[in-house]
Amino acid sequence: MPDFPKYLKRLQSGDRSMNPFLEFMGMVLEQLDDGYARFRMPVRDEFLQGAGVVQGGLIVAMASETIAHAVMTLLKSGEGIATIELKNNFLATAKKGNLIAEGKVFKKGGTVIIGDAMVSSESGKALSRTTSSILLLKG
């Protein structure tokens, strides 16, 4: 299993080398607490689809990463995670600026963890709501 406390500590110091996907997306960790994570991501031209708005899958990917990082704050030594389901509701579109994702752990059970994320524009407009079911791996 990955050493999540070490990974999170490095991430908090600004080192995204252990997660190239964050670097690829331009996601920057802003806050991390027990069961909570907040990321910021700039909208780049490459993120826009034909209608000129951010492609929805990128918003879902941001939400998924944010929930996973909120979950990582609660893992014990020897525990890992694997996403088993994602559900997303799109609420609005974005064309520019920064996206903000806030993820929270709703419940950590013995085998399944439920987390939620809201992705908003930097002005506070809600863009999507995502819920994730995550399998808790042990050993």
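Modeller: In the largest nonpolar core, which has 36 residues, Phe-39, Val-54, Met-62, Leu-99 and Val-119 touch the most other members. A nonpolar core here is a set of buried Ala, Val, Leu, Ile, Met, Phe, Trp, Tyr and Cys residues joined through side-chain atoms within 4.5 Å. Buried means under 20% relative accessible area, exposed means over 50%, and partly exposed is in between, with a 1.4 Å probe and protein chains only.

Colleague: Which elements each supply at least two residues of this core?

Modeller: α1, α2 (20–25), β1, β2, α3, β4, β5 and β6 each do. The most comes from α3, which gives 10 residues. Helices (H or I, at least four residues) and strands (E, at least two) are DSSP runs, numbered from the N terminus.

Colleague: What sort of model is this, and how are things counted?

Modeller: It is a predicted model, where local features need pLDDT of at least 70 and side-chain atom pairs count only at pLDDT 80 or more, while totals for chains, interfaces and linings use all residues. Residues are numbered from 1 along each chain as its sequence is written, and side-chain values use heavy atoms, with hydrogens and water left out.

Colleague: Back to Leu-99. What does it touch?

Modeller: Not counting residues up to four places away in sequence, Leu-99 touches Phe-39, Arg-40, Met-41, Val-43, Val-54, Ile-59, Met-62, Ala-94, Val-119, Ser-120 and Leu-127. Contact means heavy atoms within 4.5 Å.

Colleague: And which residue is its bridge partner in β5?

Modeller: The bridge partner of Leu-99 there is Ser-121. Strand β4 (residues 98–108) and strand β5 (residues 112–121) pair in the antiparallel sense over 9 bridges. Two strands count as paired if DSSP finds at least two bridges between them. Gly-103 stands opposite Ala-117 in β5, and a hairpin of 3 residues joins β4 to β5.

Colleague: What does β4 do with β2?

Modeller: β2 and β4 run antiparallel and are joined by 7 bridges. Ile-100 in β4 is the bridge partner of Arg-40.

Colleague: What is the strand order in the whole sheet?

Modeller: The 6 strands form an open sheet in the order β1-β2-β4-β5-β6-β3, with antiparallel pairing. β1 (28–33) and β3 (79–90) stand at the edges with a single partner strand each, so one side of each has no neighbour in the sheet. From one strand to the next, the twist averages 20°.

Colleague: Where do the helices go?

Modeller: Helix α1 (residues 4–12) packs on the sheet and touches β1, β2 (36–42) and β3, its direction making about 130° with that of β1. Helix α3 (residues 56–72) lies across β1, β2, β3, β4, β5 and β6 (126–138), at about 45° to β4. The axes are lines fitted to C-alpha atoms, for helices over the stretch in contact, and angles run from 0 to 180 degrees between N-to-C directions.

Colleague: Pick a residue in α3. Is Val-71 buried or exposed?

Modeller: Val-71 is buried, with a relative accessible area of 1%. Val-71 lies in helix α3 and touches Ile-81, Val-105, Ile-113 and Ile-134, leaving out residues up to four places away in sequence.

Colleague: Now the whole chain. In what order do the elements run?

Modeller: From the N terminus on, they run α-α-β-β-α-β-β-β-β. The radius of gyration is 15 Å, close to the 14 Å that the globule rule gives for 139 residues, so the protein chain is as compact as a globular protein of that length. That radius is taken over C-alpha atoms, and the globule rule is 2.2 Å times the number of residues to the power 0.38.

Colleague: How much of the chain is buried?

Modeller: Buried residues make up 43% of the 139 residues.
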